[in-house]
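Please read these notes with the model open beside you. Check each point against the structure as you go.

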Amino acid sequence: MTTKLEAINTMLSCIGQSPLNTLDGTKSYFTISAEKILNDEIKRIQLQGWDFNSEDNYPLVPNTDNEIVVPSNLIMINLPSCLRNRYVVRNGKLYDKQEHSFKINKTLYASVVFSLEFEELPEVAKEYAKMSAAYKFVKRELGSEKACAYTQEDLSEARIALEQHELEIGDYTMIPDMYNGNIRSFI
């Protein structure tokens with residue numbers, strides 16, 4: 001299992017820096033930069049919504065004050081189309097634009113995307129985040145396309161592996177869920 005320390009060490013090695021033993025303590029400019037870029041890439045990648053960080057029909061339950069507090073790691077909420085323009089997230093809570101209030105007295109169900117910590121990601125997502133961050137890190141710190149050339153191939157391979165993993169575990173189909181098995185002929 002790839003750790004965040006290993007990912008950052010990979011990034012540092014791409015620019016000829018020595019590896020770290022820990023992420024604790026005083027950090028160099030390059031370590032701080034690598035860690036920030038890795039964290040940004042982890043979030044950016046997850047915004048796409050993959051099977052590992054998405055849930056359908058997720059209950060958004062009002063608390064005792066009849067307010068729906070949105071979990072802090074929730075990065076996307078997709079309500080059913082009949083509710084989509086009614087509710088928005090404001091100050092970490094769902095806001096009812098129609099009633100002009102945070103008071104919501106019923107459970108709402110939505111498709112959601114969570115932002116997971118690096119350690120919670122499947123290995124293929126960690127690898128893609130590591131390669132994507134390494135590519136951007138080299139470009140920013142060295143400013144050279146030539147220096148990035150060898151990591152671009154690794155990045156492409158990691159993206160393909162993540163997409164293949166998604167197709168394998170995502171249980172995707174081109175036949176809609178509402179398909180009932182009846183096929184009509186127009187002949």
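1. Cys82 is exposed, at a relative accessible area of 67%. Cys14 is buried, at 14%. Buried means under 20% relative accessible area, exposed over 50%, and partly exposed in between, with a 1.4 Å probe and protein chains only. A search of the whole structure finds zero disulfides (a disulfide is a pair of cysteine sulfur atoms within 2.5 Å).

2. A word on the source: this is a predicted model, where local features need pLDDT of at least 70, side-chain atom pairs count only at pLDDT 80 or more, and totals for chains, interfaces and linings use all residues. Residues are numbered from 1 along each chain as its sequence is written, and side-chain values use heavy atoms, leaving out hydrogens and water.

3. Where is Asn53? Asn53 lies in the loop between helix H2 (29-46) and strand S1 (54-60). Helices (H or I, at least four residues) and strands (E, at least two) are DSSP runs, numbered from the N terminus. Asn53 is buried, at 2% relative accessibility.

4. Look at the partners of Asn53. A polar atom of the Asn53 side chain lies 3.1 Å from the backbone oxygen of Gln46. Leaving aside neighbours within four places in sequence, Asn53 is in contact (heavy atoms within 4.5 Å) with Gln46, Val112, Val113, Phe114 and Leu116.

5. Now the lining of the largest pocket. By class, this lining has five nonpolar, five polar and four charged residues. Ala, Val, Leu, Ile, Met, Phe, Trp, Tyr, Cys and Pro count as nonpolar, Asp, Glu, Lys and Arg as charged, and the others, Gly among them, as polar.

Methods: A polar contact is a pair of N or O atoms within 3.5 Å; within protein, one must be able to donate a hydrogen and the other to accept it, and residues adjacent in sequence count only if both atoms are side-chain atoms.
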